[in-house]
Amino acid sequence: MVGDRFFRHIDSACWDPDVRLREMDRDGIDVQVISATPVLFAYERLVEHALDCAQLFNDAALELCSRGKGRLKSFCQVPLQDVDAACKELTRCMKAGHLGVQIGNHVDNRNLDDPGVVTFLQHCADENAAVLVHPWDMFGHERMPKYMMPWTVGMPAETQLSVVALILSGAFDRLPSALRICFAHGGGSFAFLLGRLENAWHHHPVAHGDCQHPPSYYLNRFCTDSAVFDQRTLQFLVATMGTDRVMLGSDYPFPLGEERVGSLIRQSNLPQHTKVKLLSGNAARFLKLEAGPQPGEGRESGTAPLAPEPGQRTYSSYLKVPELLDLQQPQSSPPHHDELLFILVHQTYELWFKELLHDLDAVVANLRKAGAAPESHDKVYEAARLLRRCTEITRVLVEQFTILETMLPTHFLAFRGLLEPASGFQSEQFREIEFLCGLKDEKMLRYHRPTPEAYASLKRRLEEPSLHDVFFVALQSMGMLAPAADGTTERERFEARAQAVHALYKDEHHHRDWIDVCERLTEFDELVVSWRLRHIQLVERIIGIRMGTGGSAGASYLKLTLDKKFFPELWEARTLLTE
Ligand code: HEM
């Protein structure tokens, strides 16, 4: 009852820890954070009464948790109408074992940006208390007398109002980023209307408020729970807030709560690692639930590694391991055992191609600088060092085909049809490597038209000076190669370049560092040809002389690529050398 008015039926789950634990087991919930219901805030009462009420419920909550076998934790409540009293009660509760505080989203007519409330939030940050904001005492009662509209319409709007008030008032600019604050019910209507807010902020000075940045900048300053009851809304909320800032919220055990707590997340199409974050990781971090190692704990012998604190970077979060492991999506149904290998091997090649491009770009930059300052040897040395990495990577790439050769031709044929026209021929990075090194073939661009980003980066590579160009420009700056006179044929230019390389080798004493670069470039060229050859052998071993999925004649097309060299002048120079 609220006064003499019926408010809500409740049952023993509200006060009996055994009932709660049973229902938690039924729903697969390990830990629950409990709090008194907002109707008990008593913000409209005299502060002494609100404090009495808060202390009563806060102590009762701890007593209930003490019988919860370590699986029940609590949020306190405070008399928020009086900042000093609220801060004092929070301090007392945090010492007594609460994890944080639940506050209403307004006190009378004061929103969360009220200076007193902001002072209280600052205090929460100082006390390391998590804050859950729950809508209550909804506005527009007169216009929403029926159909539970205060819950379905008023609450989401109240919550949105609170988030917007904190953002636009600049409160988030003043409050420390250590403040952990979460808004109930998916943050109400906030996420859905963020675009509208952002638009107003950019176009109407009056909507600008006092914040330093556009509203979306502050998304990483707060979290929401997941109580939105609809798959598409959950997907949208996660896409807006990010996978780290939404956590399971239940409204348990009240009528609008989730019937089987956690089912919305569990049944969603979100990737498994995101589900894990929403179901546990994000809340553990928000609530600081998993205690990190105490100083010296487990380390006396000097052998035990440190367990990371919740929220700290881990092996997995740094390397994005869950995301990485989610990237293999075999298409065969029922799944063909070897399709995973086929995908993984190709993905591994693409990762190494990425590193090759990264290093080759740095080689180009170093050779450019070396050409600009021929007396400095550092850049040439650095270029040779990075080229050695490129050759080592390519050596691994040549070797890796053997893993794929453990796949029987029949096994590949079982899922080959699913590739449609997909083929390594469309590997954008492979083509980029060719273009970057100097093997530019404009005709290749058309195969990448369907993917505009790939097309744009290949076009850029086509127009930029290649590694080949930069190398010979550097020889020009050193005076080893005369600029080509007008009217000289391509053949004459080629011979002049080969002669310049020849001259380097003839004067080893003065050009050791450049000869080292030449040797590395030659080795790289050699290894790429080995890669082409091994690839052809693999192709013949797996599909014989069939056509490729990319539409070429297969092995016979690939054999034509064997003569391709990035640096033919380096090979020609060897013919020019005499005893
Ligand atoms: C079962 C294994 C494989 C088969 C049967 C195969 C087959 C082929 C064929 C027939 C072509 C010619 C284009 C076409 O018509 O499709 C081709 C091109 C190509 N493949 Fe593979 N391939 C295999 C594995 C790989 C792997 C692991 C990579 C690593 C990235 C790769 C990278 C390439 C590249 C870059 C080209 C274009 C070569 C060029 O145009 O010079 N292939 N492949």
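Which helix supplies the largest share of the lining of the largest cavity? I put this to the structure, which is a predicted model, and record the results below.

**Entry 1: cavity count.** I looked for cavities of 30 Å³ or more and found two.

**Entry 2: the largest cavity.** I listed its lining as F353, L356, T394, L397, F430, I433, E434, F524, V528, W531, R532 and F566. By class, I recorded nine nonpolar residues, one polar residue and two charged residues in this lining. I then assigned the lining to helices: α13 (339-372), α14 (378-399), α17 (428-437) and α21 (508-543) each contribute at least two residues. The answer to my opening question is α21, which provides four residues.

**Entry 3: the second largest cavity.** I found S226, A227, V228, F229, L248, G249, E258, L264 and I265 around this cavity. I classed six of these lining residues as nonpolar, two as polar and one as charged.

**Entry 4: α17 and its contact with α18.** On the α17 side I listed E428, R431, E432, F435 and L436, which meet A454, S457, L458, R461 and L462 of α18. In this contact I recorded five nonpolar, one polar and four charged residues.

How values were computed: Residues are numbered from 1 along each chain as its sequence is written. This is a predicted model: local features need pLDDT of at least 70, side-chain atom pairs count only at pLDDT 80 or more; totals for chains, interfaces and linings use all residues. Side-chain values use heavy atoms; hydrogens and water are left out. On a 1 Å grid over the protein atoms alone, a cavity is a set of points where a 1.4 Å probe fits but cannot get out, and a pocket is an open set with protein on both sides within 12 Å along at least five of seven lines; lining residues have an atom within 4 Å of a point. Grid points are joined across faces, edges and corners, and a volume is the space filled by probe spheres set on the points. Ala, Val, Leu, Ile, Met, Phe, Trp, Tyr, Cys and Pro count as nonpolar, Asp, Glu, Lys and Arg as charged, and the others, Gly among them, as polar. Contact means heavy atoms within 4.5 Å.
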